[in-house]
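Please open the model in your viewer and follow the stops below in order. Each stop says what to select and what is found there.

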Amino acid sequence: MFKRSFKLAGVALVAASLAFTGCGSRTEATTGGSAGAAKVAKIGVIAPLSGDLSALGLGIRNSVDLAIRQANETNAIPGWKLELAPEDDQATPDVGKNAATKLASDDAVVGVVGTLNSSVAQSVIPVLDAAKITQVSPANTNPTLTKGQDVANPKRPNANYFRTCTTDAVQGPFAAQYLLDKGIKKVATIHDKLTYGQGLVAAFSEAFKAGGGTITAAETINPDDKDYSAVISKVKPTGPEAIYYGGQYPQAGPLSKQAKAAGLNVPLMGGDGIFDPTFIKLGGADGDLATSVGAPVESLDSAKAFVAAYGKAGFSEPYAAYGAYSFDAANAIINALKVSLASATDAKSARQATIDAMAKVSFDGATGKVAFDEFGDSVSRVLTVYTVTGGAWKAEKTGELK
Amino acid sequence: MDLLSLFFQQLINGLSLGSLYALIAVGYTVVYGIVQLINFAHGEIFMVGAFGAYATWMVMGQPTDWNAPMSILVLLPVLIIGGVAASVTVALLTERYAYRPLRNAPRLAPLISAIGVSVFLQEAVRLFYGTIPGFPSAKSAIPFPSIPGISGVAFQVGGVTVQMTAVFTVGALAVCAVFLWYFVNRTKTGRAMIATSQDPDTARLMGINVDKVIMAAFAVGAALAAIAGVAHGLRYSNIDFRMGFLAGLKAFTAAVLGGIGNINGAVVGGLVLGVVEAMATTFIPGQFGSAAWKDVWAFVLLILVLVFRPQGLLGAKVVDRA
C-alpha cells in the first residue's frame with residue numbers, strides 16, 4: 001500500500017502513516033495481588049491487540065494473563081512475582097519490532113509469548129534473540145521460523161524461539177490429505193502474499209500434487225483489497241472443486257461470500273488463520289473448511305480446566321483460536337523460569353538460563369503434551385479439520401500427520 | 001467458459017468496481033473544481049456514509065425478515081437516506097470548521113487540514129462507534145445488513161454471471177450521473193457552481209453566495225460518496241473504519257485519470273480504472289497478470305496518461321484567469 005501511495009502523492013503517505021500510528025490502543029492488564037517484597041519477572045505478550053486480528057490477539061493476551069495469575073496464586077516460583085507486559089503489534093512487522101525492542105530494554109522481561117503472525121515473528125525474533133529473551137509463539141505456523149530458509153536441510157536460526165503450535169509443513173499436507181480422501185482432486189489456490197499464506201499454500205500444493213491432485217489455478221490477492229471478483233472470475237473457468245486459501249479470516253470471509261455470489265459454489269478451505277467465528281460473520285458459508293492445530297480445545301480433558309478457569313477469570317473477550325496454545329506457551333516459560341530463576345539474583349541474568357531450560361520443558365498442558373524438539377517446534381503433530389455447519393465451526397476430523 | 005465470456009465477465013466486474021470508484025471520485029473533482037482543494041478526507045466521508053447507513057438500520061431495529069420488494073423499495077432507500085444524511089452532515093461540518101477558516105491560507109494548509117480530518121474521522125469511528133448503546137464495536141469489520149433481492153442474488157446472461165449488487169452499483173452511478181448533469185447544468189445552484197469555479201471573485205460580484213456554493217459542492221460529493229458506501233456494504237457485505245483509505249486513494253486516482261475538476265472525467269476515469277484492474281487480472285499473461293499486479297497496471301496507466309495527456313483523459317477544468 002505504501003509503495004503505491006508514494007507514486008501517487010507523498011501527502012497520502014503522510015496521511016497513511018498518521019492513520020496507522022494512531023491505532024495503538026494499549027490495554028493495561030492487571031496481575032494478581034502483590035506478594036510483598038518478591039522480585040519481579042515479566043512475561044511479555046506481542047500480539048495484535050487492535051485491528052482486524054484483535055479477536056485472536058486479545059485471546060492470546062488474556063490466556064497468558066490467566067497463566068501468570070495462576071502461577072502467582074500458587075506461588076509457582078518462590079520469591080518471584082510474575083507480571084504481564086502486553087504490547088500491541090497491530091499485525092504489522094514494524095510495529096512488532098518496536099514492541100520487541102521495548103520489551104528487550106526492560107530488564108525484568110525474561111520471556112515473551114507471541115507473535116500471532118509469522119510475518120511479524122520474522123522481525124521480532126532477531127530483536128529478542130539478541131537480548132537472549134525466550135520467545136514462545138502460540139500461533140506462528142511458518143516452517144522457516146524454526147528450520148531456516150532451506151527447510152529440507154533444517155538449520156535452526158534462533159535458539160530463543162519456540163512454538164506450541166504445529167507448522168504449515170504439517171498443516172498444509174493434512175488439509176491436502178483430507179481433501180483427497182473426500183475425493184476432491186481439483187483445487188484452486190489463492191493466498192495473500194504474506195509469509196503465512198504463501199507458506200501454507202506451498203506446503204498444501206506440494207502434498208496435494210504428490211497425492212494425485214491437480215492445482216487448477218494459483219492466484220494471489222492483495223490483503224488491502226475488498227473486491228475479489230476479478231480473481232474469482234479468473235479461477236472459476238478452471239473448474240476447481242474447492243478453493244484452498246492461505247491467509248487470514250478478514251479476507252477469507254468476504255472471499256468465500258464473493259465466490260459463492262459469483263456462482264463458484266465450492267467450499268473454501270484454509271488454515272488456522274481462518275478458524276475464527278469472525279470468518280463466518282464476515283461471509284464464510286456452510287461447508288467451508290479449516291484446519292487448526294491440535295485437537296478441539298473443548299474436547300480435551302486437559303483443556304476443560306483451562307476453559308473453566310478462563311470463564312471464571314472474567315475476561316471480556318473469548319480465548320479464540322490460540323487461547324489454549326498461549327496458555328501452554330506461558331506455562332512453558334513459567335516451567336523454565338522455575339529452573340532458571342531459582343538461583344538468579346535478577347531477572348536479566350536469568351535470560352540465557354531460561355532459554356537453556358526451555359529445551360527440557362515437558363508437561364501436560366491444555367492442548368496435550370507440551371515439549372519442544374531440537375528446532376524449538378512442538379512435538380505434537382495433531383491437527384483437526386473443522387467445517388462450518390449451521391453458522392458455527394464444528395470439529396470434523398482430528399488426526400495426526402504421520 | 002470461453003475467452004469471450006471471460007472477457008465480458010471481467011468487463012462486468014470492472015464496470016461495477018469502476019462505478020464505485022466513480023461515485024467517490026465525483027466528490028474529489030467537484031470540490032477541487034471550486035476550491036482547488038484535494039479533499040483527502042473524502043474517503044472517510046465515504047466510510048461515514050456506510051456507517052451512517054448501518055446506524056440507520058440499527059435504529060430501525062435491525063429488520064432482517066422483510067421480503068424482497070419491501071426491502072428494495074423501502075429499506076434500501078431509507079438506508080441510503082440515512083447514509084447520505086450522515087456523510088453530508090460530516091462533510092459540511094468539516095468544510096465549516098476545517099477548511100473555511102483556511103480558505104485564504106496557503107494551499108498546503110487546507111491540504112494538511114484534510115489529512116488531519118481523515119485521521120480524526122477514522123479514529124472517531126474506530127473508538128466511539130461501539131460506545132453508542134447497542135452498537136457493535138467498529139474496531140474490526142462489521143457485517144453490513146443484507147438486502148433480500150440484492151445481496152447474494154445473481155443471474156446468468158450467456159456464460160456471464162451478473163450479481164444484483166453490481167447492477168445496483170452501476171445503476172446508482174447512472175442515476176447519480178443524470179441527476180448530477182441536471183443539477184450542474186439546469187439548476188441555479190449548479191450554474192452558480194460553474195460560475196464560482198470559473199472565477200470566484202467575479203462570481204461574488206455577480207451576487208453569488210460563494211460560501212453556499214462551496215457547501216453545495218461538499219454536500220453533493222458527500223451524498224454520492226454515501227451511496228457508494230451503501231453499495232460497498234452490499235457488495236462486500238462488511239464495512240470497517242479503514243475502508244475509506246484505499247477506496248479514497250483509488251477514487252482520487254480515477255479523478256486525476258479523467259481530469260481533475262471535470263465531473264464527466266471522474267466518471268470515465270473511475271470506469272476505466274475499474275475495467276483496467278479487472279482485465280489486467282485475466283488478460284496479461286505470465287506472472288505479471290495475477291491479481292497481485294492489477295494495481296501496478298492501474299498505476300502504469302495513470303502514469304502513461306499523465307505523461308502523454310497531463311490534463312487527464314477528458315481534460316482538466318481549464319481556468320482562464322487572465
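Begin with Leu289(A), which stands opposite Thr387(A) in S13(A). The model is a predicted one. The two strands to select around this pair are S10 of chain A, residues 289-293, and S13 of chain A, residues 382-389; they are antiparallel and share five bridges.

**The seven-stranded sheet of chain A**

Which order do its strands follow? In chain A the order is S7-S6-S8-S9-S10-S13-S14, in an open sheet of seven strands with mixed pairing. At the edges are strand S7 (214-220) and strand S14 (392-400) of chain A, each of which pairs on one side only. Direction ignored, neighbouring strands of this sheet are turned by 25° against each other on average. Strands of a sheet pair through backbone hydrogen bonds, either parallel or antiparallel.

**Strands S3 and S4 of chain A**

For a parallel pair, select strand S3 (residues 109-114) of chain A together with S4(A); three bridges join them. Gly111(A) has Thr134(A) in S4(A) as its bridge partner. Now show the side chains of strand S4, residues 134-137 of chain A. Thr134(A) and Val136(A) point one way, while Gln135(A) and Ser137(A) point the other way. Are these residues buried or exposed? All of them are buried.

**Gly59 of chain A**

Move to helix H3 of chain A and pick Gly59(A), which lies in that helix. Gly59(A) counts as buried because it has 28 C-beta neighbours inside 10 Å, where 20 or more are needed. Leaving aside residues up to four places away in sequence, Gly59(A) touches Glu317(A), Pro318(A), Tyr319(A), Ala320(A), Tyr322(A) and Gly323(A).

**The side of chain A that touches chain B**

Show both chains. Here 42 residues of chain A are in contact with 39 residues of chain B. On the chain A side, at least two residues each come from helix H1 (2-8), helix H2 (10-21), helix H3 (54-73), S7, helix H9 (229-235) and helix H10 (249-261). Which of these elements gives the most? H2(A) does, with seven residues. By type, this side of chain A divides into 19 nonpolar, 11 polar and 12 charged residues.

**Chain B as a whole**

Chain B has 11 helices and four strands. The radius of gyration of chain B is 20 Å, close to the 20 Å given by the globule rule for 322 residues, so chain B is as compact as a globular protein of that length. Its C-alpha trace spans about 60 × 50 × 35 Å along the principal axes. Of the 322 residues of chain B, 54% count as buried. Among contacts in chain B with a separation of 6 or more, 77% are between residues 24 or more positions apart.

**Helices H9 and H10 of chain B**

For the last stop, select helix H9 (residues 243-258) and helix H10 (residues 263-283) of chain B. They pack at an angle of about 115°, and their axes are 7 Å apart. The crossing of H9(B) with H10(B) is right-handed. Residues to display in H9(B) include Lys250(B), Ala254(B) and Gly258(B), and those they and their neighbours in the contact meet in H10(B) include Gly265(B), Gly269(B) and Leu273(B). The residues of this contact divide into eight nonpolar, five polar and one charged.

Terms used
Residues numbered from 1 in each chain as written. Chains lettered and ligands numbered in written order. Predicted model: local features only at pLDDT ≥ 70, side-chain atom pairs only at ≥ 80, totals over all residues. Rg over C-alpha atoms; globule rule 2.2 N^0.38 Å. Buried ≥ 20, exposed ≤ 12 C-beta atoms within 10 Å, placed from the backbone. Contact = placed C-beta atoms within 7 Å. Pairing = 2+ DSSP bridges. Axes fitted to C-alpha atoms, helices over the stretch in contact; angles between N-to-C directions. Left-handed = near helix turned anticlockwise from the far one by under 90°. Nonpolar A, V, L, I, M, F, W, Y, C, P; charged D, E, K, R; others polar.
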